[in-house]
Amino acid sequence: MTEENKVVENEAVANPEEQQAQPTLQIQRIYVKDVSFEAPNLPQVFQQEWNPKLGFDLSTEAKQIGEDLYEVCLNISVETTLEESGDVAFICEVKQAGIFSISGLEEIQMAHCLTAQCPSMLFPYARELVSSLVNRGTFPALNLAPVNFDALFMEYLQRQEEESAEPNSAEDKKELH
């Protein structure tokens with residue numbers, strides 16, 4: 001063992017508190033929490049021209065389930081209707097979840113981690129599941145575009161800032177006049 005390695009080893013033993021204060025994010029488990037695929041107008045939709053209109057909803061949920069353990073759930077809902085007839089071709093709903101061990105973060109960092117970083121890790125799994133379900137329904141391929149969760153988080157923070165800057169009640173408005 002070289003002298004340099006001994007020094008690094010001794011520093012780690014000497015300062016265990018510093019070592020624990022380091023921010024950590026570890027994936028414990030990734031799983032499908034719920035999945036649904038409906039094609040209510042089959043086989044009629046296959047007899048129509050395929051000119052789809054896609055509706056896409058995305059949301060996240062996070063809850064603490066233990067000390068430094070969080071469940072994050074990415075909810076994706078895709079509804080495709082045919083433009084000409086308005087018939088629903090299919091509805092696909094996926095809840096892709098994961099358990100994450102997170103520690104050493106301040107409040108805003110934790111919010112960013114739970115609403116942007118963790119969903120970014122879950123999205124490829126949810127995207128593949130949606131694609132697979134649509135394929136099994138024998139519909140044309142559907143590959144969801146990547147989502148920039150960091151940008152969505154920044155927009156959320158900006159909206160929160162704007163809302164807190166606006167007067168909320170009639171009394172606040174009177175004080176301004």
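Here are legends for a few close-up views of this predicted model.

Residues are numbered from 1 along each chain as its sequence is written. Because the model is predicted, local features need pLDDT of at least 70 and side-chain atom pairs count only at pLDDT 80 or more, while totals for chains, interfaces and linings use all residues; side-chain values use heavy atoms, leaving out hydrogens and water.

**View 1. A look at the cysteines Cys73, Cys113 and Cys118.** Searching the whole structure turns up zero disulfides (a disulfide being a pair of cysteine sulfur atoms within 2.5 Å). Cys118 is in no disulfide, and its nearest cysteine sulfur, that of Cys113, sits 4.1 Å away. Cys118 has a relative accessible area of 0%, so it counts as buried (under 20% relative accessible area; exposed is over 50% and partly exposed in between, with a 1.4 Å probe and protein chains only). Cys73 is buried too, at 3%.

**View 2. Helix H3, residues 107–136.** Helices (H or I, at least four residues) and strands (E, at least two) are DSSP runs, numbered from the N terminus. H3 has 30 residues and should span 44 Å at 1.5 Å a residue (1.5 Å times one less than the number of residues). Its end C-alpha atoms are 42 Å apart, which agrees. At Cys113, H3 bends by about 40° (the angle between axes fitted to the seven residues ending there and the seven starting there). After H3 comes Thr138, with a positive phi near 65°.

**View 3. Ser101 in strand S4.** Strand S4 covers residues 88–103. Ser101 is buried, with a relative accessible area of 17%. Leaving aside residues up to four places away in sequence, Ser101 touches Thr24, Leu25, Gln26, Gln28, Asp68 and Leu69 (contact means heavy atoms within 4.5 Å).
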